[in-house]
Amino acid sequence: EIVKLQKSNIFWLLVLLIAVVTTIAIYLALYITFNPVGSELINWVQGRYFLPILPLYILAIVNFLGLDVKAKYSRQKIYFVGAPLILIHSALYYVIT
């Protein structure tokens with residue numbers, strides 16, 4: 001069975017895409033600003049730069065997982081999704097650099 005994308009899923013896919021592009025733009029801006037040409041390490045990357053886009057990641061993934069935000073224990077489920085995102089981002093940082 002082919003899964004059809006609904007308009008709401010396309011919206012959240014766009015939100016996720018914007019978050020990923022913003023993350024890449026942050027790394028690129030820091031690389032251009034603080035690193036010599038050809039550097040293998042991106043210097044001065046701090047977690048505070050990614051805090052404004054963290055809710056975008058969390059909301060998009062919660063929507064894709066189909067979690068009911070109004071249901072009982074919904075906050076715990078959202079934290080369960082958000083915490084691994086921080087770990088994945090940290091792992092990606094070490095893979096990229």
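Where does Asn35 lie? Asn35 is placed in the loop between α1 and α2, in a predicted model of a chain with three helices and zero strands. Helices (H or I, at least four residues) and strands (E, at least two) are DSSP runs, numbered from the N terminus. Residues are numbered from 1 along each chain as its sequence is written. Because the model is predicted, local features need pLDDT of at least 70 and side-chain atom pairs count only at pLDDT 80 or more, while totals for chains, interfaces and linings use all residues; side-chain values use heavy atoms, with hydrogens and water left out.

**Confidence**

- The chain has an average pLDDT of 77, where pLDDT is the predictor's confidence in each residue, from 0 to 100.
- A score of at least 70 is reached by 71% of the residues.
- Helix α1 (residues 7-34) has the highest confidence in the chain, at a mean of 88, whereas helix α3 (residues 74-96) has the lowest, at 69.

**Overall architecture**

- Along the sequence, the pattern of the chain is α-α-α.
- Of the 97 residues of the chain, 21% count as buried; buried means under 20% relative accessible area, exposed over 50%, and partly exposed in between (1.4 Å probe, protein chains only).
- Among contacts (heavy atoms within 4.5 Å) between residues at least 6 apart in sequence, 58% join residues at least 24 apart.
- Asn9, in helix α1, illustrates a pairing across the sequence: Asn9 and Asn63 are 54 residues apart along the chain, and their C-alpha atoms are separated by 7.9 Å.
- Leaving aside neighbours within four places in sequence, Asn9 is in contact with Asn63 and Phe64.

**The nonpolar core**

- In soluble globular proteins, nonpolar side chains tend to be buried together.
- A nonpolar core is here a set of buried Ala, Val, Leu, Ile, Met, Phe, Trp, Tyr and Cys residues joined through side-chain atoms within 4.5 Å.
- The largest such core has twelve residues: Ala19, Ile26, Tyr27, Leu30, Ile42, Val45, Phe50, Ile53, Tyr57, Ile58, Val62 and Leu85.
- Two or more residues of this core are given by each of α1 and α2 (54-65), and α1 supplies the largest share, four residues.
- Tyr57, one of the core residues, touches Leu16, Ala19, Val20, Thr23 and Leu85, not counting residues up to four places away in sequence.

- Thr23 belongs to helix α1 and counts as buried because its relative accessibility is 8%.
- The side chain of Thr23 reaches the backbone oxygen of Ala19 at 2.9 Å.
- Beyond its neighbours within four places in sequence, Thr23 is in contact with Phe50, Ile53, Tyr57 and His89.
- The largest pocket holds about 490 Å³ of space.
- Of the 21 residues that line this pocket, Thr23, Tyr27, Phe50, His89 and Ser90 are the closest to its centre.
- The elements α1, α2 and α3 each give two or more residues to the lining of the largest pocket, with α3 giving the most, eight residues.
- On a 1 Å grid over the protein atoms alone, a cavity is a set of points where a 1.4 Å probe fits but cannot get out, and a pocket is an open set with protein on both sides within 12 Å along at least five of seven lines; lining residues have an atom within 4 Å of a point.
- Grid points are joined across faces, edges and corners, and a volume is the space filled by probe spheres set on the points.

- Asn35 counts as buried because its relative accessibility is 10%.
- The side chains of Asn35 and Asn43 are joined by a polar contact of 2.8 Å; a polar contact is a pair of N or O atoms within 3.5 Å, and within protein one must be able to donate a hydrogen and the other to accept it, while residues adjacent in sequence count only if both atoms are side-chain atoms.
- The Asn35 side chain also reaches the backbone oxygen of Leu30, at 3.3 Å.
- Not counting residues up to four places away in sequence, Asn35 touches Leu30, Leu41, Ile42 and Asn43.
- Leu41, found in this loop between α1 and α2, is partly exposed, at 42% relative accessibility.
- Trp44 is found in the loop between α1 and α2 and is exposed, with a relative accessible area of 56%.
- Although Trp44 is not a glycine, its phi is positive, at about 70 degrees.
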